[in-house]
Amino acid sequence: MEPPKPSKSQRKKAAREAVIRNQEAKRKRAKRSWAWLSVGLVGTVATIVFFPLGNLVGQKLAAQLPQEVPVPPKLNIIPQEHPAEDTLDLGHLLALNRNQLEGIDIAVLNLACAKGLPGGDVDIPATRQLLDIWAEHVRLETIRNYHLFTDHPERYSNSESFFKAAMMVVVLKEDMGIHYNDQRMMDADFTHGEDYLMYGLVGPLREGTCSSMPVLYVAIGRRLGYPLYLVATQRHVFCRWESDDGKVRFNLEGTGDAIHAYPDDFYRQWPLKLTDFDMQSGVFLRNMSGLEEFASFLMIRGDILEAMGRMPEAELAYAEAHSLLPDHFLILSDLAMGMDKEKMMKNGMLDPGNPKNPFLHTVPIPDAFPPSDTKLIDVHDEEANR
């Protein structure tokens with residue numbers, strides 16, 4: 001049975017409703033189109049107006065952020081454990097046993113030996129703080145300039161350790177003004193004690209010699225954890241980097257205008273030739289212990305006092321050094337000659353006021369600095385051999 005057909009009025013009503021629905025759909029579609037067009041226009045305008053501004057702000061913010069730089073293996077300032085050394089004077093140091101002396105900051109040992117000398121009564125605690133500041137500056141500059149090594153390792157004999165040591169010397173010279181006193185190239189006048197003990201390097205002039213500059217390098221290097229030691233040859237002192245396992249070892253020459261790593265054989269000939277007796281003495285070309293460092297500073301103190309004509313004090317310094325190292329033939333020689341000179345003074349045979357008297361310790365040295373044409377030796381550390 002077929003469904004009944006809609007009447008004419010029903011068909012007209014349905015047609016009107018269809019027209020209304022179509023018109024409503026057209027209006028909605030038009031509204032949506034305008035909405036999307038508005039969004040697109042706003043986005044375009046925002047891109048044109050705000051992108052350059054945002055880019056500029058972003059650049060400024062990026063410039064303010066810490067920039068990532070290559071970082072070498074961790075460099076720590078290692079505090080050295082020892083007795084309350086800030087209050088230690090020369091008398092207290094001399095009362096310590098040998099094991100205790102091994103733990104004392106080399107700067108303290110050196111500066112204590114300057115007490116009582118003209119200009120030598122420096123504030124040791126304040127000086128140690130200054131050295132801490134210098135060490136931190138060296139550490140930061142080493143990190144900042146690490147790319148110099150990674151870009152051209154061959155310039156540093158493919159040794160990261162040599163790069164660190166060389167950077168330390170360069171920073172101390174360029175940023176802190178450390179330099180060799182050229183006057184001492186012409187005369188080794190020990191009345192200028194500031195050139196032979198470290199207090200001249202931390203003073204306003206920042207001057208020193210091969211007796212004091214390597215001490216400063218060792219003091220700073222040890223604060224950075226570097227395995228640095230003092231080493232002596234005839235009439236010269238230099239530094240040596242030697243790791244505990246012995247895999248990294250090179251000599252560091254940083255008193256002149258250049259930085260070198262000369263082999264041991266070089267120092268057997270310069271500045272004066274070492275004889276077989278010299279080598280058998282056990283004094284030269286070996287790493288100094290803390291005890292030997294202190295004894296060598298006492299010997300320098302004696303040389304300064306002797307040059308000033310203060311013979312009893314000089315002999316006391318020599319005797320104190322001799323008690324620490326009784327087998328050190330140079331210390332014993334200085335002590336014996338000092339006693340002879342004092343006897344000659346008392347007998348009127350020596351006049352401290354005579355500029356040609358032997359108190360002045362003027363020692364001619366063939367060359368103040370090593371020859372610059374000697375090549376760097378090939379030194380390699382664990383990093384370079386990987």
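Axes here are lines fitted to C-alpha atoms, for helices over the stretch in contact, and angles run from 0 to 180 degrees between N-to-C directions. Keep that in mind for the helix pairs.

First, the ground rules. This is a predicted model, so local features need pLDDT of at least 70, side-chain atom pairs count only at pLDDT 80 or more, and totals for chains, interfaces and linings use all residues. Residues are numbered from 1 along each chain as its sequence is written, and side-chain values use heavy atoms, with hydrogens and water left out.

Now the overall picture. The chain has 15 helices and five strands. Both are DSSP runs, numbered from the N terminus: helices are H or I with at least four residues, strands are E with at least two. Of the 386 residues, 43% are buried. Buried means under 20% relative accessible area, exposed means over 50%, and partly exposed is in between, with a 1.4 Å probe and protein chains only. Next, contacts, meaning heavy atoms within 4.5 Å. Take those between residues at least 6 apart in sequence: 64% of them join residues at least 24 apart.

On to the cores. A nonpolar core is a set of buried Ala, Val, Leu, Ile, Met, Phe, Trp, Tyr and Cys residues joined through side-chain atoms within 4.5 Å. The largest one has 81 residues. Which residues have the most contacts inside it? They are Leu 131, Met 168, Leu 172, Met 198, Ile 220 and Phe 294. Helix H12, residues 290-307, gives this core its largest share, 10 residues. There is also a second, separate core of 10 residues, and Tyr 267, Leu 274, Phe 284 and Leu 285 are among them.

Let's take Ile 220. Leave aside neighbours within four places in sequence. Ile 220 then contacts Leu 131, Trp 134, Ala 135, Val 138, Met 168 and Leu 172.

Now the helix around Ile 220. That is H9, residues 213-223. How many of its 11 residues are buried? The count is 11 of the 11, so H9 is largely enclosed by the rest of the structure. The buried set includes Arg 222 and Arg 223, along with Met 213, Pro 214 and Tyr 217. Just after H9, Gly 225 has a positive phi of about 85°.

What does H9 pack on? Take H7. The axes of H7 and H9 come within 11 Å and cross at roughly 115°. That makes H7 roughly perpendicular to H9. The cut-offs: under 35 degrees is roughly parallel, over 145 roughly antiparallel, 65 to 115 roughly perpendicular, and the rest oblique. The H7 and H9 crossing is right-handed. A crossing is right-handed if the near helix is turned clockwise from the far one by less than a right angle, and left-handed if anticlockwise. H7 brings Met 168, Val 169, Leu 172 and Lys 173 to the contact, and H9 brings Met 213, Tyr 217, Ile 220 and Gly 221.

H7 has another partner, H5. Helix H5, residues 124-144, packs with helix H7, residues 160-174, at an angle of about 125°, with axes 9 Å apart. That makes H5 oblique to H7. This crossing is right-handed. On the H5 side, the contact is made by Trp 134, His 137, Val 138, Glu 141 and Thr 142. On the H7 side, the residues are Phe 163, Lys 164, Met 167, Met 168, Val 171 and Leu 172.

Now the loops. Ala 114 is in the loop between helix H4, 106-112, and H5. Is Ala 114 buried or exposed? Buried, with a relative accessible area of 0%. Beyond neighbours within four places in sequence, Ala 114 contacts Gly 120, Asp 121, Leu 197, Tyr 199 and Arg 301.

Some backbone notes. The Trp 270 to Pro 271 peptide bond is cis, with omega near -5°. Pro 271 lies in the loop between helix H10, 264-267, and helix H11, 276-280. Asn 158 is not a glycine, yet has a positive phi of about 55°. Asn 158 sits in the loop between helix H6, 146-151, and H7, and is partly exposed at 32% relative accessible area. Leu 285, in the loop between H11 and H12, has phi near 60°. Leu 285 is buried, at 11%.

Last, the cysteines. There are zero disulfides, a disulfide being a pair of cysteine sulfur atoms within 2.5 Å. Cys 210 is buried at 10% relative accessible area, and Cys 239 is buried at 1%.
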